[in-house]
Every structure is written in structure tokens, then in C-alpha cells.
2 protein chains.
Amino acid sequence: METRVDGRLVRGDQTRRIVLGKAVDIASVDGLEGLSIGRLAKELELSKGGVFAHFGSKEELQLATVRAARRIYAEAVVEPAFAVEPGLGRVWALSESWLDYSERRVFPGGCFFAKASYEYGARVGAVHDYLAEVNQEWIALVEQTIAEAITAGELAADPAQLAFELNAYYDSANLASLLRADDGAIYDRARQSIRARLESAATAGTALPW
Amino acid sequence: METRVDGRLVRGDQTRRIVLGKAVDIASVDGLEGLSIGRLAKELELSKGGVFAHFGSKEELQLATVRAARRIYAEAVVEPAFAVEPGLGRVWALSESWLDYSERRVFPGGCFFAKASYEYGARVGAVHDYLAEVNQEWIALVEQTIAEAITAGELAADPAQLAFELNAYYDSANLASLLRADDGAIYDRARQSIRARLESAATAGTALPW
DNA sequence: AAACTATACGAACGGTCGTATTATTAGTTT
DNA sequence: AAACTAATAATACGACCGTTCGTATAGTTT
């Protein structure tokens, strides 16, 4: 049985992906509000109407952009860490891949979600709600990763509390790197805080992954 | 000798202060880019031209808004802490006044500088530069406050490292409170992290300020 | 070949933006 | 009272915004 593909849909999907690829880059620098349909059309040499047709509204474009960023984030941050087996090693790997994701500028404006969350944190609507959802999903993932290390007997800590602290180090390094571009040492500072925090929570005899 | 005051200048200054008061509130929610001259004029029932004349350009309005926010921040966060004598007590007071400043919503959108710094972190120009300057000024103040506690023999730590960590807790609690408005416990979580971190760095025999 | 569908274009709409120019009003100085 | 100055208003301009609509083109189905 042969699978028939509709060439028109394929072409449309490809355009949509190209548009969203540019959209996440623009939004990570200029925000989801600075992201405009006209600008997308101009930079990609498409028509405004054509771009608009893919989304139907500005808000839907913004939501689609956040969803696209989420996929990129999952690939850049979560997947590499999940290649490491559960335990303290994975907690460390998650931290490393997060800092690397920020430092490598997977998004040119640093962490997409930190930026978008601040932009929409004090507003109401679908974009705020979705960002809150993604944030909770992320925090839950960090807590879960920590909980695994506790189950493995490698760590002794309150997962929620430790997740809060690690996440705070990530975001703070990210923001500082944006504000003081010269200060390349900020990521090492964050690494040191993470190491010290994990070391103090590690159970005696646990091999440290760094 | 009597000081003569020009009533026109007084009136102008007052209008300017009213405008900037509204401006910081708008910007803390909708960003410095979402802050528009037309919107300011409408909400304050002034003319666009009249508002514009006070600043001469959008960028100058933005810079004046950040300066105004800095004054409010100094009053809400720094001054209360500086009423406490130098040492661990002042470090703790600074943390408390920061969290209180965020939780009380001195700016309706949470911490003005976290928001504005993320908005302009990845851009170039005078606004970014000034925000970077204010940020460095703030970090230096936290480090200095920590250094005082070390000098007083109450704390043993790397001031820059500890300042990074405390500041990370502040910002992270602020963002979480915006994204998950229901989670009122987030500030207590931050407090707990701060206490634990200061406790582990306090020298033996030091009275803990909480 | 005809009917249908999906993508994309191009022009236009009303609205808001920042900015500039020109008036008007209020207050000061002489 | 006249001349001057500062604050504010009124109006207009060009650019861009999101959105709508009619049309052309490319690909599929019958």
C-alpha cells in the first residue's frame, strides 16, 4: 500500500516551518510582541497575506511560535540529559545542557522562555497561560530528575526546593550573560553554584559526575 | 534671601512626574516598548504633543522611565536595608525588602528591572546600556553588603558568588509569582533558600537574624 | 478535461505609532 | 501694559500594524 502525499500540503507545511524558524529567532530578541507578520513576510520574501493565512491571527502565530520554541528546547536541553541514566549524573547533565543551550545561543536572544515568560508574565490571555503551563512542565521535569537521584540514593534534598534553586541559577546566568556580554565567566559562576549545591546534597560515597 | 520659583517650571515638573509615574506602571506590565506616548496621553488626559515635548524622543522617555524606576527601587529596596546596621542582619534585611518589593507589587508587573532587562537584554542601544549599568550597580551593592558581613566576622564566603546566588533566588521567585499567580508559597520557598544559604555561610556563634 | 482544494500574492482598510510644526494659554519680567 | 518665555494643545505626516478580500497558481481528484 502506497502512501499518497498531497504536494500542496507538503509545500504549505514547509513554508510554515520556515516561518516559525524565523519567528522564534525574532521573538527571542525582540519579543513575541515585536514579532510582526509584516516583518516576517519581508525577511522571508513572502507576502503578508500568505504568512497571515498560515495562522489566522497574531495570537495564533505567537502560540505557534512558543510551541516551535518548545520543540527546539526539548531537543537542545532535555534530550541530551535523558541520554544519561537517571541519578545525580542526569541532574548534572541537565544543568550542563541548560547552560550550554543558553551560552550557545540556540536562540539568538538567549533563553526563549525566560524572555517570553517575562514579557507575558503580567498579562492575561492564552499566551500567558501556555507559557505558565510550559514553565510548570519544566519545573516538574527538574523535580522529577532530582527525585530519581534521591531514589537512587545519591541525593538527599527536597526536590521542589532544589529544583527552585537550580532553575534560579540557570536563569540568572542567562540574564547576566545578556546584560554583560563581556562577562563570559558568568556561566562558570553558575556551574560553581550548581556543583556546590549538589555536592552539599549528595549522600556520602556518591561519585560526583564532574 | 527669598527663593523665587517659576510657577510654569513647577507645573511642568509636576506633569513630568505624573507622566513618569504612569510610565513605570505601564512599562512594568507591557514593557518599555509597549509604553507609548499616545497611550500615556490618553490615560492621563493630556495631549500627545504635550507629553512628547517633555522628552523629545521615545528613547529619552524610556530612559527617563528607567531612571524613575531606579529611584522607586532605591526607596523600596535599598533604603530599608540600609536602616539596619552592616553585617549579616543587613544581608538578610536586603533579601527581605527585595522579596517584599516584588510581592507587594511596588510595580504592578513585578520587578521593573527584571522585566526591562529581559526586554532589552539582547538589543543594542542606550536603554540596554543603562539597564546593564543599573544591574551592575545593584550586584555591586549586594556584594558590598555581603563583604561588610564578612568584615564583621559573621560570614565566610566569596561575595561575588553569594551575591549571584541570592540575586538568582530573588529573580526566580519574582518570575514564578508572575507565571503562577496562585502559588503564594513561592516567596517562602525563596526565603528558605536564602536562609539555608546564609546559614551555611555564617560563622560559628553568629546570631541569625531570622 | 473539468471540478475542486490549498497556498500564496497584492492591494486595501482602519488604527496606532513616533515625530514635527504651529497655535494657544499661563506665568514672568520689565 | 507689553514683551518674553515655558508648558500644553491641536493638527498633520509618513510608516507600520493586524486584518480582510479578491485573485491567481499549483496540485489533486473524478
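Modeller: Axes are lines fitted to C-alpha atoms, for helices over the stretch in contact, and angles run from 0 to 180 degrees between N-to-C directions. Helices (H or I, at least four residues) are DSSP runs, numbered from the N terminus. This is a predicted model, in which local features need pLDDT of at least 70, side-chain atom pairs count only at pLDDT 80 or more, and totals for chains, interfaces and linings use all residues. Residues are numbered from 1 along each chain as its sequence is written, while chains are lettered from A and ligands numbered from 1 in the order in which they are written.

The axes of α5(A), residues 88-103, and α9(A) come within 11 Å of each other and cross at roughly 165°. The two helices α5(A) and α9(A) are therefore roughly antiparallel (angles over 145 degrees). The crossing of α5(A) with α9(A) is right-handed, a word used if the near helix is turned clockwise from the far one by less than a right angle.

On the α5(A) side, A:L88, A:V91, A:W92, A:S95, A:L99 and A:E103 meet A:Y187, A:A190, A:R191, A:I194 and A:L198 of α9(A), where contact asks for C-beta atoms, placed from the backbone, within 7 Å. By class, this contact has eight nonpolar residues, one polar and two charged; Ala, Val, Leu, Ile, Met, Phe, Trp, Tyr, Cys and Pro count as nonpolar, Asp, Glu, Lys and Arg as charged, and the others, Gly among them, as polar.

Turning to the partner chain, the contact takes 34 residues from chain A and 34 residues from chain B, and α9 (186-201) is among the elements that give two or more residues to the chain A side.

How values were computed. Two residues are in contact if their C-beta atoms, placed from the backbone, lie within 7 Å. Angles under 35 degrees count as roughly parallel, over 145 as roughly antiparallel, 65 to 115 as roughly perpendicular and the rest as oblique.
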